[in-house]
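Please work through the exercises below with the sequence and the structure at hand.

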Amino acid sequence: FWRRAVALAIDLLVIALLSGILMEPTAMALGGREASDVLHKVPFATFVLRTYGVWAILTLVLAWLYSAAMESSRFHATIGKRIMGLMVLTSDEARLDFWRASRRFWMKIISGALAFGGFFLFFFDTKQRSLHDLLARTIVVQAHPKLIIE
């Protein structure tokens, strides 16, 4: 559990850094320069809400693409999971395709929405799967050292 938790923390840090890079271009694309102009007709509060809304959606899409692309790659893992020596596989221990990795990502939202109870199912499952793993039919295993280096 702790390996997975640390891996998640690392991945959230990676996503936060990438998301931070997106903030200024998002604000500028939505009229950041004009919003600071006194003569502009868009209220500042409207600009802020619009900017943060679009930025939040872009961050969610970025997190989905990052997670699904990395877990369906030849490494079978995100950066955090690779650092912690973990891999994500299908229930029959095959490589995930992009769509199954995507399903796993979106199911994590359900795991979190249930007061994070979906994550703690790990403690009660014989194969140590969380709810999102059960729903996506995936498993998280410790990587063989040879596969981490590849």
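The exercises that follow treat helices, salt bridges, single residues and a surface patch.

This is a predicted model, in which local features need pLDDT of at least 70 and side-chain atom pairs count only at pLDDT 80 or more, while totals for chains, interfaces and linings use all residues. Residues are numbered from 1 along each chain as its sequence is written, and side-chain values use heavy atoms, with hydrogens and water left out.

**Exercise 1. Helix spans**

Solution: 
Step 1. Helices (H or I, at least four residues) and strands (E, at least two) are DSSP runs, numbered from the N terminus.

**Exercise 2. The surroundings of α5**

Task: Determine which residues of α5 are buried and describe what is found at the start of α5 and just after it.

Solution: 
Step 1. Buried means under 20% relative accessible area, exposed over 50%, and partly exposed in between (1.4 Å probe, protein chains only).
Step 2. The buried residues of α5 are R100, A101, S102, R104, F105, K108, S111 and G112. W99, also found in helix α5, counts as exposed because its relative accessibility is 61%.
Step 3. At the start of the helix, a side-chain oxygen of D97 reaches to within 3.2 Å of the backbone nitrogen of W99. Just after α5, A115 takes a positive phi of about 55 degrees.

**Exercise 3. Salt bridges of D133**

Task: Which salt bridges does D133 form, and which parts of the chain do they link?

Solution: 
Step 1. A salt bridge is a side-chain nitrogen of Lys or Arg within 4 Å of a carboxyl oxygen of Asp or Glu. The whole structure holds 5 salt bridges.
Step 2. D133 forms a salt bridge with R4, their closest N and O atoms being 2.6 Å apart. This pair links distant parts of the chain, for D133 is in helix α7 (residues 131-136) and R4 in helix α1 (residues 2-29), 129 residues apart.
Step 3. R104 also forms a salt bridge with D133, with the closest N and O atoms 2.8 Å apart. R104 lies in helix α5 and D133 in helix α7, so this pair ties together parts that are 29 residues apart in sequence.
Step 4. D133 counts as buried because its relative accessible area is 1%, and R4 counts as buried because its value is 16%.
Step 5. R4, E71, K81, R104 and D133 are linked in a network of salt bridges.

**Exercise 4. T138 and R104**

Task: Is T138 buried or exposed, and what does its side chain contact?

Solution: 
Step 1. T138 lies in strand β2 (residues 138-142). With a relative accessible area of 0%, T138 is therefore buried.
Step 2. A polar contact is a pair of N or O atoms within 3.5 Å; within protein, one must be able to donate a hydrogen and the other to accept it, and residues adjacent in sequence count only if both atoms are side-chain atoms. The side chain of T138 makes such a contact with the side chain of R104, at 3.4 Å.

**Exercise 5. R95 and its loop**

Task: Locate R95 and identify the backbone oxygens that its side chain approaches.

Solution: 
Step 1. R95 lies in the loop between β1 (86-90) and α5. Its relative accessible area is 48%, so R95 is partly exposed.
Step 2. The side chain of R95 reaches the backbone oxygen of S72 at 3.0 Å. A polar atom of the R95 side chain also lies 3.5 Å from the backbone oxygen of S73.
Step 3. S72 is in the loop between α3 and α4 (79-83). S72 counts as buried because its relative accessible area is 13%.
Step 4. R95 and H76 are 19 residues apart in sequence and 6.7 Å apart in space, C-alpha to C-alpha.

**Exercise 6. A surface patch**

Task: Which residues form a nonpolar patch on the surface?

Solution: 
Step 1. Patches are made of residues with over 30% relative accessible area and no salt bridge; like charges are joined within 9 Å, and nonpolar side chains (Val, Leu, Ile, Met, Phe, Trp, Tyr) within 5 Å. Accessible areas come from the Shrake-Rupley method with a 1.4 Å probe, and for residues only the protein chains shown count as cover.
Step 2. F116, F120, F123 and F124 form the patch, with about 500 Å² of accessible area together.
Step 3. F116 is placed in the loop between α5 (98-113) and α6 (117-120).
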